Amino acid sequence: TPLGVVSEPDADMDETDGVNRRELLRLMSVAGALAAVPPGGAAPDRGEMAETLEANDIGQYEALNAHLWQVYALSTSKRLVYPLVRQQLGLLTEALEQTQSVAAHRRLCVLAGDLFQLAGEISFDGNRYTDAAYCYTLAAIACKEAGAHDLWACALTRHSFISMYERQFVDVKSMLDAASRIAERGDGELSTRYWVAAVQAEAFAGLGNYEACMRALDAAEQVRSLSSEMTQSGWLRFDGSRLAEERGTCYIALGKPKLAETALREALREGISLRRRGSVLSDLAMLGIQRHDAEQVAHYGGLAVELARQTGSCGYIGRKLESLQEELAPMLSDPRLSSLSEQISQLSL
């Protein structure tokens, strides 16, 4: 296995995963409470050396957080990052208990908000939406406490995906409106506001608002004016490379199959991750539903199922496949599609 890449789980992973998950949620509750309580002020015996050591420790935590996002991105099974996140959160919790300075407390709140979002991503990818919502809520609280507007906006945007997947588009719009306002107070050199706009486009598409969707997509395109160094970090990875697939998703929701196919095929030609590829394949299968093309549905749906199995992304890819399955009902007399429906059902077992 390459350095930093987490491979597929062992047979006894489920029990270990449950232990890691429960311990992580426990630590998050403690860290979240500590983040909300201001420090007591500098201790009388703290000298320059102690403050320097504290700053160095926090610098190491920042580097570790960034590394964990890299490991997460490279892992084929996202839940295997749980123990690493849990260990890091334990260190941050101890630091939050011991820190005395306001500046150090603020930096640790930023790191906690960052790590809470990573934990939320793992939960969301594993189809644990209640856990994910808890993680994102704690992330938003910690980031607000730290005055980290971009990270705060990202926490709300990630939270909105839970309602998005449940097709509660009015709720999504409200949360993204708040994220957009917060992002405007953030760093104009970061891509936060453009990512929010891209997600807003999907919400507008779900509401059937074509004009608002197009305006949001056009706003998201402005990310290309940023320098490449400022569009990629651990917790913020929006550089415009996802816009083709996002346009495709929007066009499907808006009933524009020709535009959707052009955008989705463009996305497949780019070097995208396996999870994102599975999402695009699911959309192409949904396009087959709109066209009453059983062969297209079976082909792309089957490929998406295989990628969902390979990556363990029952939340990310699996949710789209569940939406596809709901639309398959009138076509189940075709044995290829009845088989596809059964395969999708097996993913959630």
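Modeller: A helix here is a DSSP run of H or I with at least four residues, a strand is a run of E with at least two, and both are numbered from the N terminus. You are looking at a predicted model, in which local features need pLDDT of at least 70 and side-chain atom pairs count only at pLDDT 80 or more, while totals for chains, interfaces and linings use all residues. Residues are numbered from 1 along each chain as its sequence is written, and side-chain values use heavy atoms, leaving out hydrogens and water.

Colleague: What share of the contacts between residues at least 6 apart in sequence join residues at least 24 apart?

Modeller: A contact means heavy atoms within 4.5 Å. Among contacts between residues at least 6 apart in sequence, the share joining residues at least 24 apart is 69%.

Colleague: Let's visit α4. How far apart are its end C-alpha atoms?

Modeller: The expected span of a helix is 1.5 Å times one less than its number of residues. Helix α4 covers residues 102-125, so its 24 residues should span 34 Å. The distance in the model agrees with that, at 35 Å.

Colleague: Are α3 and α4 roughly parallel or roughly antiparallel to each other?

Modeller: Axes are lines fitted to C-alpha atoms, for helices over the stretch in contact, and angles run from 0 to 180 degrees between N-to-C directions. The axes of α3 (residues 82-98) and α4 come within 10 Å and cross at roughly 160°. Angles under 35 degrees count as roughly parallel, over 145 as roughly antiparallel, 65 to 115 as roughly perpendicular and the rest as oblique. The two helices are therefore roughly antiparallel.

Colleague: By class, what residues does the contact of α3 with α4 have?

Modeller: The α3 side includes Tyr82, Leu89 and Leu96, and the α4 side includes His105, Phe116 and Ser123. Ala, Val, Leu, Ile, Met, Phe, Trp, Tyr, Cys and Pro count as nonpolar, Asp, Glu, Lys and Arg as charged, and the others, Gly among them, as polar. By class, the contact has 14 nonpolar, 3 polar and no charged residues.

Colleague: Now α13 and α15: are they roughly parallel or roughly antiparallel?

Modeller: The axes of α13 (residues 294-311) and α15 (residues 335-347) come within 10 Å and cross at roughly 20°. These helices are therefore roughly parallel.

Colleague: By class, how many charged residues does the contact of α13 with α15 have?

Modeller: Gly301, Val305 and Arg309 are among the α13 residues there, meeting a set in α15 that includes Arg336, Leu340 and Ile344. Alongside 9 nonpolar and 3 polar residues, the number of charged residues is 3.

Colleague: Which residue follows α12 with a positive phi?

Modeller: Helix α12 (residues 274-291) has 14 of its 18 residues buried. The loop between α12 and α13 comes next. There, exposed at a relative accessible area of 66% and with phi near 60°, you will find His292.

Colleague: Is Ala267 buried or exposed?

Modeller: Ala267 belongs to helix α11 (residues 257-269). Leaving aside neighbours within four places in sequence, it is in contact with Ala244, Glu245, Ile272 and Val280. At 0% relative accessibility, Ala267 counts as buried.

Colleague: How far apart in space are Met175 and Ser160, C-alpha to C-alpha?

Modeller: Met175 lies in helix α7 (residues 169-183) and is partly exposed, with a relative accessible area of 24%. Beyond its neighbours within four places in sequence, Met175 is in contact with Leu156, His159 and Ser160. Met175 and Ser160 are 15 residues apart in sequence, and their C-alpha distance in space is 6.2 Å.

Technical notes: Buried < 20%, exposed > 50% of the residue type's maximum accessible area, 1.4 Å probe, protein only.
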